[in-house]
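Please look over the sequence and the model below. The report that follows takes up salt bridges and then a pair of helices.

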Amino acid sequence: MSATLNTVVHNFNSGPSILPKSVFEEASRSVLDFNGSGLSILEIGHRTPEFEAVMEEARSLVRELMQLDEDHEVLFLHGGATTQFMQVPMNLLNENEIASYTDTGTWGGKAIKEAGLFGHVEIAGSGKESNYTRLPHQLQVSPTAAYLHITSNETIAGTQWHTIPYDAGVPLVADMSSDILSRELDFNRFDIIYAGAQKNMGAAGVNIVVVNKNCLGKVTRAIPSMLDYRVHIKEKSMLNTPPVFAIYVAMLTLRWLKQEGGVAVMEKNSLQKANHLYQTIESLPVFRLPVAKEDRSRMNVVFVMENKELEKEFSQLAKTEGFYGIKGHRSVGGFRASLYNALPMESVLALTDMMTHFAKQKG
């Protein structure tokens, strides 16, 4: 194998990540001229009918793809998922109340830290003893908890909840930043879903929040307007100037997802990509999968080398052959291939071919 100037680039970045080519093409045209207006999408007013139509279509597409009921509202907000680590407990948790959290890795841990600023946090289950290579399936949730928080997919640890704890007996909150709209779920059984858009839904810069209106208005603290979900619902995500371009790209991505067949098709594709990659890695002794099989993520496939001395050589080969983003997170090392919705099967096949070639050379 050798690289040429025409090497195809395969984007396995964990985020910001791959987007559909059609979205890039439409977005680039709109940067120059949005819908024949003579103005760029970057300069249109956010309260103009033109952008209000973008916002409404984006919200409507989320509702349709998730099959949301009338109790759930869709918001597009600033700050990414990290802001939601704070905003969720600010809106749902009183100082003298308990919130249950699952400790499943880096992102679950960050959410726990922020929630502790607003009330009492109890750990319903932890994967710490296994170094976060498996999920805690036997949860201990206090019946008086204000809510249970899960991170549906841990991008760094490479774990994913395949059975959602819907029946915990308390409101359910989920950080779905890295697997939103990649599989069919009963989204109406969640009280809050939040996700940074830059993995499965669009470009960096906007955060989607799906919130059940019935869980709001129960805390006694004063909430700043910018952090109050009720205010954002009332203002239809336009309390202040929203991230116009990021919302537009999200709308285009949601359009693409619908045109491709919706969430059911995304789940089918996800299973195909993940199964092929996992099965290939399992067949190659030079690599190892550290995550418990039942908890492996379909979005972020984490793997390591049996011989760490080969890591640099494999990394160089991947770079030469046009594979981007497969280096593991700096906190854990190893490798990670992210298989988000827009990643084609062809890229997965190319990666497994490259890995097989490398393994044969070293076998």
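D167 and R189 form a salt bridge (a side-chain nitrogen of Lys or Arg within 4 Å of a carboxyl oxygen of Asp or Glu). Their closest N and O atoms are 2.8 Å apart. D167 sits in the loop between β7 (159-160) and β8 (172-175), and R189 in the loop between β8 and β9 (192-196), so the pair ties together parts that are 22 residues apart in sequence. Strands here are DSSP runs of E with at least two residues, helices are runs of H or I with at least four, and both are numbered from the N terminus.

D167 is exposed, at 69% relative accessibility. R189 is partly exposed, at 37%. Buried means under 20% relative accessible area, exposed means over 50%, and partly exposed lies in between (1.4 Å probe, protein chains only).

## About the model

This is a predicted model, in which local features need pLDDT of at least 70 and side-chain atom pairs count only at pLDDT 80 or more, while totals for chains, interfaces and linings use all residues. Residues are numbered from 1 along each chain as its sequence is written, and side-chain values use heavy atoms, with hydrogens and water left out.

## Other salt bridges

The structure holds 15 salt bridges. One of them joins R134 and E294, at 3.2 Å from N to O. R134 lies in the loop between β4 (120-126) and β5 (148-151), and E294 in the loop between β11 (287-288) and β12 (300-305), so this pair ties together parts that are 160 residues apart in sequence. R134 is partly exposed at 41%. E294 is partly exposed too, at 46%.

D228 pairs with R230, with the closest N and O atoms 2.9 Å apart. D228 is buried, at 6%. R230 is partly exposed, at 43%. Elsewhere, salt bridges with shared partners link E282, K293 and R296 into one network.

Helix α2 (residues 49-66) and helix α6 (residues 244-260) have axes that come within 9 Å and cross at roughly 40°. That makes α2 oblique to α6. Axes are lines fitted to C-alpha atoms, for helices over the stretch in contact, and angles run from 0 to 180 degrees between N-to-C directions. Angles under 35 degrees count as roughly parallel, over 145 as roughly antiparallel, 65 to 115 as roughly perpendicular, and the rest as oblique.

Residues of α2, including F51, M55 and L65, meet residues of α6, among them I247, M251 and L254. Contact means heavy atoms within 4.5 Å.
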